[in-house]
Amino acid sequence: MQKVCKRSKSATFSSDRGSTLMISGEQDPLQQNYTETLPTEMSVRIFSELDVRSLCQASLTCRHWNDIIEGSDQLWRSHCLTVLAVCRREVDGDRLDGCSWKVTLVRNYRKGCVKRRWLKGRYSNIRSADDIPPNSMCPLDVETWGEILEAELDR
């Protein structure tokens, strides 16, 4: 059986075997935030394995994670490059305008998803404007709509 005695700057742990362990410090070890003990570079490496949705959810977990995720342009760059293959003109334009990788990704992610769905034929069976599902339209450039129309004609 373990007992924990809370004191201002130390904790005493006793086991049923009679041994006692004292831990001194500013913070109770049972309530220590282990996310802050990892080096930032290691956290960025871990976060780089997440998809966009998981990355956004992780940024809501705590202030420390949010600071790391929001402050790391390289996390957003890798995801933005996947959108680049779909919305090259928009991404290139945003980057030339000096937008960060995150802003570029946010501005073009939905466009990329919509374009991919159209190109895969997800909306090929729409017969009227009433049948258009939500989130299936967004402003795209003329070349992109041309690609979508060509794909539809090929089906």
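Predicted model: local features only at pLDDT ≥ 70, side-chain atom pairs only at ≥ 80, totals over all residues.
Local features here need pLDDT of at least 70 and side-chain atom pairs count only at pLDDT 80 or more, while totals for chains, interfaces and linings use all residues. Numbering starts from 1 along each chain as its sequence is written, and side-chain values use heavy atoms, with hydrogens and water left out.

View 1. Reading from the N terminus, the order is β-β-β-α-α-α-α-α-α-α. Helices (H or I, at least four residues) and strands (E, at least two) are DSSP runs, numbered from the N terminus. Of the 155 residues, 30% are buried, meaning under 20% relative accessible area with a 1.4 Å probe, protein chains only. Take the contacts (heavy atoms within 4.5 Å) with a separation of 6 or more: 44% of them join residues 24 or more positions apart.

**View 2. The largest pocket, with about 260 Å³ of space.** A pocket here is an open set of points on a 1 Å grid over the protein atoms alone, where a 1.4 Å probe fits, with protein on both sides within 12 Å along at least five of seven lines; lining residues have an atom within 4 Å of a point. The volume is the space filled by probe spheres set on the points, which are joined across faces, edges and corners. Helix H2 (52-59) and helix H6 (101-119) are the elements that each give two or more residues to the lining, and H6 has the largest share, with 7 residues. Look for Val 52, Arg 53, Cys 56, Trp 76, Lys 102 and Tyr 109 among the lining residues. The lining splits into 7 nonpolar, no polar and 4 charged residues; Ala, Val, Leu, Ile, Met, Phe, Trp, Tyr, Cys and Pro count as nonpolar, Asp, Glu, Lys and Arg as charged, and the others, Gly among them, as polar.

**View 3. Helix H4 (residues 73-84) packed on helix H5 (residues 88-96).** Their axes sit 8 Å apart at an angle of about 140°. Axes are lines fitted to C-alpha atoms over the stretch in contact, and angles run from 0 to 180 degrees between N-to-C directions. H4 and H5 are therefore oblique to each other; angles under 35 degrees count as roughly parallel, over 145 as roughly antiparallel, 65 to 115 as roughly perpendicular and the rest as oblique. H4 brings Cys 80, Val 83 and Leu 84 to the contact, and H5 brings Arg 88, Val 91 and Asp 92. That makes 4 nonpolar, no polar and 2 charged residues.

**View 4. Ser 59 in helix H2.** Ser 59 counts as buried, at 9% relative accessibility. Leaving aside neighbours within four places in sequence, Ser 59 is in contact with Asn 66, Ile 69 and Glu 70.

Note on methods
Buried < 20%, exposed > 50% of the residue type's maximum accessible area, 1.4 Å probe, protein only.
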